[in-house]
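Please keep the sequence and the structure in view while reading.

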Amino acid sequence: MKPSLALAGIATLLGTTLAVFANSPSAQAADCGYLFDDFSYSSSSDANLTAHGWTPRSYSGGPGVAGATWSPNNITFPTADGQKVMQLTASTDGTGGGTNHAELYSTQKRFFEGTYASRVRFTDTPASGADGDHINQTFFTISPLNGDLDPTYSELDISEYLPNGGWGETGPINYQTTWYTYRNEPWYADNVHSEQRSSLNGWHDLVATVANGNVTYYIDGVQVGQHGGKFYPRQTMTINWNLWFIDTAAHTGGLSTYVEQVDWMLFAKNQALTPAQVTARTAGYRSSSTTFSDTVDSTGGGCTTNPTTPPPSDPTTPPPAGNCSSAQEWAFGTVYTSGQTVIHEKSRYGDPSGPPSGDGKHLWRARYWTQGSEPGWTEQWQDLGRC
C-alpha cells in the first residue's frame, strides 16, 4: 500500500472545529462559513498569499525522493485558459539532488466537516523532457501524525493521480484514500481507497463531502467513492496540493519537468454540498469578481441539522440521567459503534494515560465507529454532560 502524504511533515498546525450539518443545502443556504480562492496572486512571495492563509512549502523531507528540494519558487501563478491559476512544478534528472517538488498548504489546521472542492488540471505527459516518471499529482487534507499508529490522525487523499503509475501499479491510475492511521517504520498503513484506472488528463472538478460519518468523493459530478466507519476523520486538517516523484526508478536521462494547475478551491463549512451546488457557488464568486473570501471562522451560528431528518449521532433529546450509572468506563482498545455510551474524564493534554482534566467524569455517546479516540478530544464523541 502506498505511503501517506503525512510524510510531508506538516507541523505547527492549530485549531479545532465542532460541526453541525445542514442537510442538502441550496446554493443560497445560510452562510455556515466558506473559503473561496481563485489564486489571483503574482508569485509565491506575494504578501496576499500568506495573508490569505497559504504557505508555500520550503522545508525538506518526505514524501517522495530522498534529498529532493521543496521550494516556494516551484509555485507560480500564470494565466491558463483566460484565468489566473496556481501552478505546481516538479522536475527530476533521476537523482535526489536534482529533484524538485512543490506543495502549497493552508497555514492553519482548521478544516473538518463540510465540503472540499477544487478545479485541478492533471497532466499525462511532462512539460519538457522524457516521459515515464512516477509523478504524483494531488489534492488532499491532512493532520499531523502524533506518534506511530496515532488513532486521531486524519487524512483524505481527494485525488492522487499517477499518470505513469507507481507503488507497483501501472498508470494511469487515480486514488481516493481515507486514512485511519499509519506507522512509518516498519511500514504499516490502515486506510481504505477507491481507484479509477483511466486517463484524467485535463481539467477536473474534485469534490469531497465529510458529513454524518461518511466521506464521499466526486469527479466532475460523478460519485467515485464513499468511505466511512473508523476511517471518518477525527480532527481538523489542513488543505493541500502537492506535486512530487514517488521514486526515480522509471526516469530515463536528462531533466523531465511536470506541472499541475489549480484554478480555484472552495470549502463549505458544515455543509454537504452537491457538485452542482459547488459549481453554482463558485460561479457566484466569479460573477461578482470575488477573487478571495474567507468566512469560515466568522459565521456559522445559523447552521443546524434539518430537524426532520436528524442523524442518529445527533439526537434531539438528551438521555436520561441514569445512563451515567449504567454506562461502562471508556477503554482505549474497545471498539464502539454509533449510539453506544461510556463514562470518562477527559485527559488534560489529550493523552489518556496522562493526568486528568479535573472536570470530572462525563457521559459520552459515540457519533460513529470509533476505537482509541479519547472522549473530549475528538469529534467521534458527543458530550452528554457531567455525571
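## Aromatic rings

Rings of Phe, Tyr and Trp (for Trp, its six-membered ring) are taken as a pair if their centres lie within 6.5 Å, and the planes count as stacked when under 30 degrees apart, as edge-to-face when over 60 and as tilted for the rest. Ring pairs of this kind link Phe 39, Trp 54, Phe 139 and Trp 241 into a cluster. The model is a predicted one, in which local features need pLDDT of at least 70 and side-chain atom pairs count only at pLDDT 80 or more, while totals for chains, interfaces and linings use all residues. Residues are numbered from 1 along each chain as its sequence is written, and side-chain values use heavy atoms, with hydrogens and water left out.

The structure holds 18 aromatic pairs. Among them is that of Trp 179 and Tyr 182, which is edge-to-face because the ring centres are 6.1 Å apart and the planes stand at 75 degrees. Tyr 182 also pairs with Trp 187, where centres 5.4 Å apart and planes at 40 degrees make the pair tilted. Relative accessible area (1.4 Å probe, protein chains only) defines buried as under 20%, exposed as over 50% and partly exposed as in between. Tyr 182 counts as buried at 4% relative accessibility, whereas Trp 187, with a relative accessible area of 31%, is partly exposed.

## Charges over rings

A charge sits over a ring if NZ of Lys or CZ of Arg is within 6 Å of the ring centre and within 35 degrees of the ring normal. The charged end of Arg 57 is placed in this way over the ring of Trp 70, 3.8 Å from its centre, and that of Arg 281 lies over the ring of Tyr 34, 3.7 Å from its centre.

## Salt bridges

With a salt bridge defined as a side-chain nitrogen of Lys or Arg within 4 Å of a carboxyl oxygen of Asp or Glu, the count comes to 11 salt bridges. One of these joins Arg 110 and Asp 294, whose closest N and O atoms are 2.5 Å apart. Arg 110 counts as buried at 12% relative accessibility, while Asp 294, at 31%, counts as partly exposed.

Arg 286 and Asp 263 meet through their side chains in another salt bridge, at 2.8 Å from N to O. Here Asp 263 counts as buried at 7% relative accessibility, and Arg 286 is partly exposed, with a relative accessible area of 25%. In a further salt bridge, Arg 386 and Asp 359 have their closest N and O atoms 2.5 Å apart; Arg 386 is exposed, with a relative accessible area of 56%.
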